[in-house]
Amino acid sequence: MGISDVKSKATGLISDVKQYWKIPPKGRYMNYKEIAAYAFGGIGAYFIIQLGSTLIVSTTNIIVSTAIGVGPSHTYIIYLLATLLNIPLTGIRANMIDNTRGKGGKYRPYLLSMGIPTTIIALIYVWFPYQQMYSMFPGKVFGFEKGYLIKVAVVFICNLGLHFFFNFFRDAYENLIHVLSPNTQERTDVLAVKAVVYSLAPSIMNILNPVIAQYFANNDQTNIIVYRITYPIYAVLGIGLTIVVWANTKEKIVQAKTHTIQIRFIDALKEVAKNKYFWIISLAGWLGFLEMAYTNILLYNQSYGHTASGNQYAVAWTLIGNASLWGMLFAPFFVKRFGKKRVLVTVNMMNVVCILLMILNVRSFWWLVFCIWLNYLFSSVEQITTPAIQADIRDYQQYRSGERIDGMFAAVATIGSVVTLATSAVLPAIQEKFGIFEGNGYEKPYDILDITTGQTDLLYRFLPALIIMAAVGAFLNVVPYFFYDFNEQKQKSVIRVLQVRALFEDYSNGALKDEQLVEAIELVENARKMAVAEPKEVSKNSYLSLKGAQRKEAKKAYKEALEFNEDIEVSKFVCDELEKFDTELGRHKVETYTEIYNRGIDYIRTVDYNEIRNELKAAKKLPKNTEEEKKFREFKIELLKSVVSAHKAYNKYYGSLYEMKEPDMEELTVLFDKEDELNERIVELNKAGNKAEAKALVDESKEIQKKAKTLMDEFAKFNRAAKPYNDAEKLLKQKENYSRLDEISAKYLEIKSSADTESETETV
């Protein structure tokens, strides 16, 4: 590539930035300003994420075990208790996210409300006067110094607070990309930009911490003074830059404007539990628990092996951070070229190799740096692909259930916490075998590893054990991905169907604007045309034997043919959606739900519970030899379970005392609109400095929120008790919407004709 080509590309990039700074490129959903805010503000978000992740207790936590001085066994007990208590906390977070409404979106509102408490807890964590507790509270209890037990208690309380606030904040920032764009390649591209930019935060910390240690802590990164100096700086920068993300991004969920969300915890839990892709991704994480055993090897080598100075350690992490840059830069290209699954499998297998290479020379600081550099090079690709896959499986979840369930993924994932409670005990047990435990005769348990003041050769026997554990974990992590098959084409098909559903739902509710109506018809017409198109013949041989301009043109034609054939498959998927009521299963669903709908809401009250239970037993015995039989059986079982659950809810919420009737949606909409109006006014008043008036409106907004919450609770009760009836109404409404295609097409032609007339008038 010549200088002129570089200049041309640079000029083109500058031109694109100017053109798309406020308006997204065609086929994309995020303008460049929003991408820049999400990425640049991510530096601040990752300062906060680094604070939380380095302080939240795990069996590999270096600050808790060395800087603060909690023994491995007590660290594990704290981890055990906090993990168990975090299960209900995760459920609360999930329910809050999935039922969040308003212009702020599902995640944006929590960037500041959870970020600020996280930084406060982090500062308390490192600034608490742990050593003074020994002199203030002398003596022993249960064989331990009172000061030590106070230390353990403080760490436990701070850790529990981080489990709620930090995890909430991290989920809000990391998952925000899931709803900023429904385009999977755009999400991957933005994730790469974000990762390259936000990596500045951990890079700064990896450079600054060892330098501070060299000048203020005698080159000891395990000294608490290092974190007392640096963490306040990271906290201030973190909150300041997170505001940039909060103020300049907008969520874009593919969902009808008129769709209201009120998801019951147990219902969302059941829906997510049916998502096979969720289990594949989760299993990969659960099986790979040992992989992180290698993370502290370089620090152990430097601190206890005295192999490098603080400045050298800083240089090493600067080089390692550079490896991440290249991996993240090329990740979108790899994903586009090979697909997420193949990329993930490849980089995970390379991680196993890189970790095993470390064992060749654990005494050499720079050899370990080289191996970790390679590992970071491959792992950084995974930092892009894993969030992209997480976003894809949420799209699939919305397609399956009809609801955008995001937070509940984290709640179901807590099942993995129970799994890792047992597996995470492996590392403390091995550490104890090497003499690393509270009361081993050293000031801090890990001091036994020091080659000058501890046991001379212990460090170099301990490190290989960690490496073997990490390699096994890395291999186990890759196995589940072999069963992942939700590829880019399937994701694109799902998004296209979600767009169709949302557009038809909005049309039936009178909320579809002219330009959206045009979009809906053109989307459907294109799908119908492409679904019957003849696929193009594709072969790499069409360009491999050519050279120069001919090869370039032939390769372009090859790629266009691939896209054309993919569009055919996506269009078939859309047409299957539009024609699903003409299939045998579709007709059966319509017939069944018509009967339920005609019986009315009162059907739930008159249900014979024992009869339904018997029908459910019989349904479970239905044949499932063919795909069609499986679908019929699944529908029958799900419907009967729904009736049983609704009957229980009816008896719980209404019974013989209250009438079951649907709450007023118009009343709820009025409250929502009023709340949005007040919130906008509050922002304006705060900007103008009218704090008193703003506070009055805040109080008024809270009252409206209470009323809305009460009414939403009534909707939740009704929806649970009337679920079979609601499902019937929803399906029959969708069938009616799809049957109105000719009516919409007529309006489409009318709008196009009117637009053409206006264009001709302007031309004249």
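**Figure 1. Overall architecture of the predicted model.** The secondary structure of the protein comprises 30 helices and two strands, where helices (H or I, at least four residues) and strands (E, at least two) are DSSP runs numbered from the N terminus. The model is predicted, so that local features need pLDDT of at least 70 and side-chain atom pairs count only at pLDDT 80 or more, whereas totals for chains, interfaces and linings use all residues. Residues are numbered from 1 along each chain as its sequence is written, and side-chain values use heavy atoms, with hydrogens and water left out. Of the 764 residues, 48% count as buried; buried means under 20% relative accessible area, exposed over 50%, and partly exposed in between (1.4 Å probe, protein chains only). The accessible surface comes to about 37000 Å², and 58% of this surface belongs to carbon and sulfur atoms. Accessible areas come from the Shrake-Rupley method with a 1.4 Å probe; for residues, only the protein chains shown count as cover. Among contacts with a separation of 6 or more, 81% are between residues 24 or more positions apart, a contact being heavy atoms within 4.5 Å.

Figure 2. H163 belongs to helix α7, which spans residues 146-180. The residue is buried, its relative accessible area being 8%. When neighbours within four places in sequence are set aside, H163 contacts I56, A82, N86 and R93.

**Figure 3. Salt bridge between R28 and D189.** The whole structure holds 20 salt bridges, each defined as a side-chain nitrogen of Lys or Arg within 4 Å of a carboxyl oxygen of Asp or Glu. In one of them, the side chains of R28 and D189 meet at 3.1 Å, N to O. This pair links distant parts of the chain, 161 residues apart: R28 is in the loop between α1 (3-19) and α2 (32-55), and D189 is in helix α8 (residues 184-198). R28 is partly exposed at 30% relative accessibility, and D189 is likewise partly exposed at 23%.

Figure 4. The closest N and O atoms of D602 and R605 are 2.7 Å apart in their salt bridge. D602 has a relative accessible area of 39% and is therefore partly exposed; R605, at 42%, is also partly exposed. In the salt bridge of E693 with R681, the closest N and O atoms are 3.8 Å apart. Because E693 lies in helix α28 (residues 691-721) and R681 in helix α27 (residues 665-688), the pair ties together parts that are twelve residues apart in sequence. E693 counts as partly exposed at 41% relative accessibility, as does R681 at 36%.

**Figure 5. Positive surface patch.** The patch consists of K270, R613, K617, K620, K621, K641 and K648. Helices α25 (609-619) and α26 (627-653) are the elements that give two or more residues to the patch. Patches are made of residues with over 30% relative accessible area and no salt bridge, like charges being joined within 9 Å and nonpolar side chains (Val, Leu, Ile, Met, Phe, Trp, Tyr) within 5 Å. Lys and Arg count as positive and Asp and Glu as negative, while His and the chain ends are not counted. K641 is placed in helix α26 and is partly exposed, with a relative accessible area of 40%.

Key:
The place of a charge is taken as NZ of Lys, CZ of Arg, CG of Asp or CD of Glu.
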